[in-house]
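Please look through the sequence and the structure shown below before reading on. The report then takes up a few places in turn, beginning with a pair of charged side chains.

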Amino acid sequence: MGDTKVWEGERIRANKRWNVTAVLLCLCFVLGSILFLTNMGRQYTKENLVLLDNAAFQHETALVKQVEGDFQTLHGVAVFAGRQDILDPEQLIRLVGEVNEGNAFIRMGLASLTGELELMELGGKRYPGVDISEEEFFRQALAGRDMISEPVPDPYRDGEYINYYAVPVRNGEEAIVGVLCAVNGADVVRAIIEAPLLNDSGYTNLYSSRGKLILSSGTALANGGQPQELAGLAGLSEKERAAVEEALEQNSSVHFNYKAGNTGMLAVLEPSGVEDWFVLCSIPVAALNQRYVVTSAGAMLIIVAACSLFTLLLWRQRRMMNRNQAVVERLAYEDSLTGGRNYNQFLMEAELVRRQDGWMAVWYCDLKKFKYYNDALGYAAGDDMLRRMYRLFERLEQPDGLFCRLMADNFVGLRWYAEREELTEWFSRVVREFHQEESETASRSYIELCMGFYCPDPSDSGLTVNEMVNRANMAQKSIKGESGSRCAFFNETLRQRFQQEAAMEAQGQQALAEGQFQPYFQPKFDIQHGDRLAGAEVLCRWIHPQKGMIPPDQFIPVFEKSGLIMQLDRYMFEQACSWYRRYLDGGGARINLAVNVSRAGLLREDFVDYYVRVKETYGIPDGAMELEVTESLALGGEELLCQLVRELQAHGFTCSLDDFGSGYSSLNLLKNLPIRVLKLDILFFQRSVDKVRERIVVRNIINMARELKIRVIAEGVEETESVEFLRGAGCDIVQGYVFAKPMPLAEFEALLAGSAGK
Ligand code: C2E
Ligand code: CA
Ligand code: CA
């Protein structure tokens, strides 16, 4: 399976999710910006139209004002002339001069009803016999309307254009008697339409309602001139053309776009308020949009910059995250010593691989005596050796095998096989190459390999890989005591033991609730005072409804592993106290009663509180209750044990050190541990080869204890001869089959009753 990294896929998925999110966010941002810009564009277009309308309006008002002013002057003259019957142009000119000083009319005259006119210039030059009978402005004036003509070439000055103004002249009876005509240079009107439009980029033309160009401004001419007909404007859509025609007809205004050469123009066509003239104001779209383009370019720039910055930040953050994750993954899934996968990773991968076809074995390898190697050569050398071991397994691994260092000097792995022999052969090869390599690197390696295999059968499919590893470990442990490098398979016996233990573990809790555990009492005798009954040790028995009595050796270790032992100890203690209370209430004499305390119970926070509370609840007198702790309890926590013993003894308990002499540190422990009683381990009085040597040891321990004011109990004494020796050596108490075996309560009570009189 190689390096199937379960989290790898997860990380790729996370990165993908991340990318999609980033792209979506950017997209949202860009879309939002585009929306904003289009909206802004629309706003600008609206503003542009208003701008154009305003410009057109200004031109119109200026034009109307000019023309109206001119007509007003003429009206004044016309009224006067009508009343006074003045028909001489010279007089008229003078009149005009009086009515409106500085008037710009260049010529003036009074036409008869038949259209004969004599014009006279301000300078006095006369132009008699002008016939205007066919002119529209004359006819309109005769009909009673003021009128200004479209600009026409001046017949008396080359290249100049003029407008005719015509106003009816009425006599006292309001009858029209003539037409007052005035001539103005077309420049007057042109000057108005040439007023700057939007920073001079635009221009204004005048058209008649028939769409004929009346006057175009100098700028328009500079821009390539304007067609003589409105219909000649290029670049209008059909709709726009129709709208223009309609506006001309209806005397209304219209906006449209057209092309002047290559320049796109935005235009408004509006009735000017003078005659049927229309004002056409045009502005290059580019000039109008310039503001918008600058603003939106700025906005776009900011958006792009913001997007880039955002992406950059996200990218950096992701890079950091990936890096951190890689570190976390390494910590979580890598063994720092070997650099290979750690146990968690192994379990994860193994669970995936096990579903493959084929036979799979789980192996567990322990390096025996590695501790000594470590102690002798130092941790660095120890670590090197573990790394070499790792490389060796790596070298000899199957292409689709899997292994890791579990902890310390333990390795576990999976192997595929067809026959079990393949596994043992592989193990032999591991051992061979290991020693070969070690002889090359280290001076001499005394390390031995101990390997357990677990070959699951189909009925084990419910087991987790971790449970399989446990079984391989059990197989390994079953041969640990044997010398040399060895391997073993998890077998039927182990399986049964395993099943029994599992069953026991499962049943323990219920058995406790149902009271299947009973206290047995093993009496203790004071051999210095006529072998009188001095007390008892309370020992637990499991009276199983089907299996009968189960000895503690079988279930205590299981309960120690599962943690149930703490509850069992407390249960036994309460049973003992409860009985003691009844016994005292029944007038019994004080005896010493000892109960066992396990390591798990001792490490509980409420350990002392609990025992003191129960003792007080039952009113057990001080000095009557003894708690037996084993020296293994002191392992790694001697100070804690000393403190607990002190606290217990301060509360009236006696503490004894059980199984003294079975461990390593017994003698050393005595220096500090303030216990009052020492129980010599059962092994002192069994299977000893040399009785003489045994007795020297025992006698000296007893001496030492007496000097330390510690009482000595000899446990497991089966022979009278030993009792005599112990008596001579100064041992206080004997607890053993030589006097009595552990017995049920009734039997013990009978014994107590029997001894009461003595
Ligand atoms: P232990 O505390 O060392 O108890 C003494 C054991 O030696 C008892 O075994 C007792 O029956 C046995 N024994 C006493 N005299 C002789 C003798 O002359 N010859 C031989 N061959 N054996 C003798 P038992 O009752 O089977 O208990 C075994 C162990 O189980 C105990 O060893 C103790 O460690 C544990 N145990 C028993 N009850 C409890 C309990 O309630 N709590 C805890 N934590 N452990 C208990
Ligand atoms: Ca004991
Ligand atoms: Ca013991």
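## A link across the chain

In this predicted model, Lys 369 is partly exposed, with a relative accessible area of 38%. The side chain of Lys 369 meets that of Glu 448 in a salt bridge, with 3.7 Å from N to O. This pair links distant parts of the chain, since Lys 369 sits in the loop between β13 (359-368) and α9 (370-377), while Glu 448 belongs to strand β16 (residues 448-454), 79 residues apart. Glu 448 has a relative accessible area of 16% and is buried, because buried means under 20%.

## Other salt bridges

A search of the whole structure finds 36 salt bridges, and one of them joins the side chains of Glu 349 and Arg 341 at 3.3 Å, N to O. Both partners are buried: Glu 349 has a relative accessible area of 2%, and Arg 341 has a relative accessibility of 12%.

Another salt bridge, at 2.8 Å from N to O, brings together the side chains of Asp 585 and Arg 581. These two residues both lie in helix α15 (residues 564-585), where they are 4 residues apart, about one turn of the helix. Asp 585 counts as exposed at 55% relative accessibility, whereas Arg 581, at 25%, counts as partly exposed. Elsewhere, salt bridges that share partners join Arg 107, Glu 121, Asp 154 and Arg 157 into one network.

## The calcium site

The calcium ion (ligand 2) is coordinated at 2.1 to 2.3 Å by Glu 537 (OE), Asn 596 (OD1), Glu 628 (OE) and Asp 658 (OD).

Val 23 is found in helix α1 (residues 6-84). Together with Leu 27, Val 30, Leu 31 and Ile 34, Val 23 makes a nonpolar surface patch of about 420 Å².

Note on methods. Residues numbered from 1 in each chain as written. Chains lettered and ligands numbered in written order. Predicted model: local features only at pLDDT ≥ 70, side-chain atom pairs only at ≥ 80, totals over all residues. Heavy atoms only, no water. Donors = N, O, S within 2.8 Å, 3.2 Å for Na, K, Ca; no water. Patch = residues over 30% accessible without salt bridge, like charges linked within 9 Å, V, L, I, M, F, W, Y side chains within 5 Å. Areas by Shrake-Rupley, 256 points an atom, 1.4 Å probe, with all protein chains shown as cover. Salt bridge = Lys/Arg side-chain N within 4 Å of Asp/Glu carboxyl O. Buried < 20%, exposed > 50% of the residue type's maximum accessible area, 1.4 Å probe, protein only.
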